[in-house]
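Welcome! Please take a moment to turn the model around before reading on.

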Amino acid sequence: MRILITGAGGKLGGALQNVLQAEHDVIGTDRSTLDITDYAACGWFIAEARPELLLHSAAYTDVNGCALDPQKALRVNGLGTHNLAAVSARRDIAMLYVSSNEVFDGKLGRAYHEYDVAKPINAYGVSKLYGERALAQVNPRHYIVRTAWLYAPGGQNFIHAILNAARQGRDLRVVTNEISNPTSTSDLAEAIGQLIESQRYGTYHLVNEGAVSRWALARFALDAAGFADIPITRISSQQWQRPSQPPEHGPLANIAAAGLGIRLRPWQEALRDFLAAEGLA
């Protein structure tokens, strides 16, 4: 299959390219080669690339930046996705869009199912929901993949931030009331590879299995990396003020993909392997 990946220069896009190129003809693009907010540019680029599947992983993922500039968030995550959806639909190209658990408000009290009603509480979530709805309304041959708490090798993510702070001897204060699914970009890319082979369009939750609080995730990472003696002060999200407030209880349940036989391993196993591969454990 000929696959066009947007955001190929990012951590998830790069993982997708690495996983898919063994079996498919993969073309990667990033913001230096394609401005997804330009409809005409999207039309020209896709016409030239002639993909059979458009895999859209490009996004404005700075959640605090989205809160400070919600119009930019809507332009990139919403309108950009709408542009790609319209062009792919016009050319009868299937499209997969990577979305987020932040389309939910975190108030349900259980893991979110694929059919639960989205109610975003921040600008990032609003912009990702715009992208979801645009794709679903415009292109019937679509996959919407929601994920959560991604981390990648060499990336700037929560795991690296915690371990760097521990090495530097800084005090660690981590919230206890934000809960979701830590997810490896490598595992997610593998699962997406399986999903597109199924050609079963729809909405899916792809996360490593199990949910954990930010505090417990930090504790696990520190213990596994040899920092068991480093204390972590427990705080609430109200004590950690930032421009964008995430949903407090935002774990996702994989029901639809599991029905196809697609499951991601437990987050603890994935994180142990990640730390070992990074030379951190």
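## About the model

This is a predicted model, in which local features need pLDDT of at least 70 and side-chain atom pairs count only at pLDDT 80 or more, while totals for chains, interfaces and linings use all residues. Residues are numbered from 1 along each chain as its sequence is written, and side-chain values use heavy atoms, with hydrogens and water left out.

Helices (H or I, at least four residues) and strands (E, at least two) are DSSP runs, numbered from the N terminus.

## A look at strand β1

Strand β1 covers residues 2-6, and five bridges join it to β2. Four bridges join β1 to β3. Where does L4 of this strand point you in the sheet, that is, what does L4 stand opposite in β2? The residue is I27, and in β3 L4 stands opposite L54. I3, in turn, stands opposite V26 in β2.

Because four of the five residues of β1 are buried, this strand is largely enclosed by the rest of the structure. Here buried means under 20% relative accessible area, exposed means over 50%, and partly exposed lies in between (1.4 Å probe, protein chains only). Together with helix α1 (residues 11-20) and β2, strand β1 makes a right-handed β-α-β unit. Right-handed here says that, with the strands pointing away from the viewer, the path from the first strand over the helix to the second runs clockwise.

## Helices on the sheet

Contact means heavy atoms within 4.5 Å. Axes are lines fitted to C-alpha atoms, for helices over the stretch in contact, and angles run from 0 to 180 degrees between N-to-C directions.

## Helix against helix

Two packed helices are described by the angle between their axes and the distance between the axes. For α2 and α4, the angle is about 40 degrees and the axes are 9 Å apart, so the two are oblique to each other. Angles under 35 degrees count as roughly parallel, over 145 as roughly antiparallel, 65 to 115 as roughly perpendicular and the rest as oblique. On the α2 side, Y39, C42, G43 and I46 make the contact, and on the α4 side N83, L84, A86, V87 and R90.

Helices α1 and α7 (185-198) pack at about 55 degrees, with axes 9 Å apart, and are therefore oblique to each other. Among the residues that meet here are L12, A15 and L16 in α1, and L188, A189 and I192 in α7.

## Two loop residues

D92 lies in the loop between α4 and β4. Its phi is near 55 degrees, a positive value in a residue other than glycine. D92 counts as exposed, at 53% relative accessibility.

Q199 sits in the loop between α7 and β10. For Q199, too, phi is near 55 degrees, a positive value in a residue other than glycine. Is Q199 buried or exposed? With a relative accessible area of 51%, Q199 is exposed.

How values were computed
Pairing = 2+ DSSP bridges.
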